[in-house]
Amino acid sequence: MSLDHPIFARWPAQYPDRIQLFSAPTPNGVKVGIMLEETGLAYEPHRIDIMANESHDPAFLALNPNGKIPAIYDPAGPSGQPLALFESGAILIYLADKSGSFLPADPNQRYETIQWVMWQMGGVGPMFGQLGFFHKFAGRDYEDKRPRDRYAAESARLLGVLDERLTTREWVMGIDYSIADISLLGWVRNLIGFYDAAEIVGFERFGHLKRWLDAGLSRPAVQRGLEVTAA
């Protein structure tokens, strides 16, 4: 079996019958590695070196014209036809449907779960990412601290929303772990770890959130998924 897509001229597939993952160990990137490990779907990972601008290589842009990781290529997509897919939230939903796991079948529960994935995509990711820039990276040298403080306050507010959600729930959707949790774990982990922003957002206030994070990070599939493209 050979795969007919420009991406494979640059990143050849050793196992062309498997889902092909193109990613990096970022909070968005690890979502799909975690999901693939949780579902047990057969896949082959390819590390995209975003620091070397590989996500803007013409071969990668043929897969994702937006030039961002992660992206997948499933040679056995819907109706048996290949599917190229980008945007981590869309990929999580697709893999949940393909595997029949981590997304409730009940329509009300399904859309509520997707709602929390969209909340992560539209709020948590952008806000935490901006805080990381202004707190740890180039933005920390700006004399004007108002941008940092704005993103710190909004990140703290979002953490409070999630902490409140988890007050009476083991996972975001209750007793069942789902793609809502998978979408969020890497971002919360990154905020207090790599971004070193626990103090500035007052993370210790959020006991329910801390319990949820510890439980999520202790899952073997999560631990494996975090390392998928780390090497």
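How many salt bridges does the structure hold? Eleven. Keep in mind that this is a predicted model. I will go through some of these pairs, then finish with one serine.

Start with Asp97 and Arg110. They form a salt bridge, with the closest N and O atoms 2.9 Å apart. Asp97 sits in helix α4 and Arg110 in helix α5, residues 107-135, so the bridge ties together parts that are 13 residues apart in sequence. Asp97 is partly exposed, at 41% relative accessibility. Arg110 is also partly exposed, with a relative accessible area of 21%.

Next, Arg165 and Glu112. Their side chains meet in a salt bridge at 2.8 Å, N to O. This pair links distant parts of the chain, 53 residues apart: Arg165 belongs to helix α6, residues 146-165, and Glu112 to helix α5. Arg165 has 12% relative accessibility and counts as buried, because the cut-off for that is under 20%. Glu112, with a relative accessible area of 25%, is partly exposed.

Then Arg148 and Asp149, whose side chains form a salt bridge at 2.8 Å, N to O. Arg148 is partly exposed at 25% relative accessibility, and Asp149 is partly exposed with a relative accessible area of 38%.

There is also a network: salt bridges link Arg10, Glu54 and Asp57.

Last, the serine. Ser88 is in helix α4, residues 88-99. Is Ser88 buried or exposed? Buried, at 4% relative accessibility. Leaving aside residues up to four places away in sequence, Ser88 touches Asn28, Lys31, Pro70 and Met121.

Key: Residues numbered from 1 in each chain as written. Predicted model: local features only at pLDDT ≥ 70, side-chain atom pairs only at ≥ 80, totals over all residues. Heavy atoms only, no water. Helix = DSSP H or I, 4+ residues; strand = E, 2+ residues; numbered from the N terminus. Buried < 20%, exposed > 50% of the residue type's maximum accessible area, 1.4 Å probe, protein only. Contact = heavy atoms within 4.5 Å. Salt bridge = Lys/Arg side-chain N within 4 Å of Asp/Glu carboxyl O.
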